[in-house]
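Grab a pencil and let's work through some ring exercises together. Have a look at the model before you start.

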Amino acid sequence: MTLDMLGCIVGLIYIYQEYKASIWLWLTGVIMPLIYMFVYYEAGLYADFGMQIYYTLAAIYGFLYWKFGRKKDEKEIPITHYPQRLILPSVLVFLGLWSVLYFVLTHATNSTVPVLDSFGNALSFIGLWALAKKYIEQWWIWIVVDIELAGLYIYKEIPFTAGLYAFYAVIAVAGYFKWRRSLPQPLRKEGSANRKDLP
């Protein structure tokens, strides 16, 4: 329970930094997985446990990309839209990861929630990559992930983390609109035009 509370506190710091698009979210993103490795292992959420290693490596990548990936005339990596050419490959990667994680959980662990545990982590893989690239649509991914995982953690009796992820879902909505206001003007108009074209 103590680690659950500590992870919740660190998670609140993380989501605030993500909301502000602060590069320091990646430092917090290294600390948080180290805490949750123990929380998830004790709860029997083995996919969540294993994904903490990826989260740690992704946080290091994200920090380096945000710090050194910008162009010479840019103060920081700009917020942009998710490239359409990457949508299908991303969906295929998600489905592949979901299948692999589900197979591992059902054949190599005693997980009681293999479908939900593997789903949330496979989608988180895509979401964290999209965050590292600073694609605004990463917030949409996190809304789905946060709602699904909040329900899973309630079921697995990890109350503080469940509450944290429910709060994440609310912040993800606010974060989307905050990032949208930070989009360069041409990209903001492009996004509005795309929405008008939707049925």
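This is a predicted model: local features need pLDDT of at least 70, side-chain atom pairs count only at pLDDT 80 or more; totals for chains, interfaces and linings use all residues.

Residues are numbered from 1 along each chain as its sequence is written, and side-chain values use heavy atoms, with hydrogens and water left out.

**Exercise 1.** Work out how the rings of Tyr41 and Tyr46 pair up.

*Solution.* Start with the rule: rings of Phe, Tyr and Trp (its six-membered ring) pair if their centres lie within 6.5 Å, and planes under 30 degrees apart count as stacked, over 60 as edge-to-face and the rest as tilted. The structure holds 20 such aromatic pairs. For Tyr41 and Tyr46, the centres are 6.1 Å apart and the planes sit at 75°, so this pair is edge-to-face.

**Exercise 2.** Now classify the pair Tyr54 and Phe125.

*Solution.* Check the numbers: the centres of Tyr54 and Phe125 are 4.2 Å apart with planes at 15°, so they're stacked. Next, find them on the chain: Tyr54 is in helix H3 (residues 46-68) and Phe125 in helix H5 (residues 114-132), 71 residues apart. Helices here are DSSP runs (H or I, at least four residues), numbered from the N terminus.

**Exercise 3.** Which ring does the charged end of Lys134 sit over?

*Solution.* The test is that NZ of Lys or CZ of Arg is within 6 Å of the ring centre and within 35 degrees of the ring normal. Lys134 sits over Trp66, 4.4 Å from the ring centre. Lys178 does likewise over the face of Tyr19, at 5.7 Å.

Conventions:
Helices (H or I, at least four residues) and strands (E, at least two) are DSSP runs, numbered from the N terminus.
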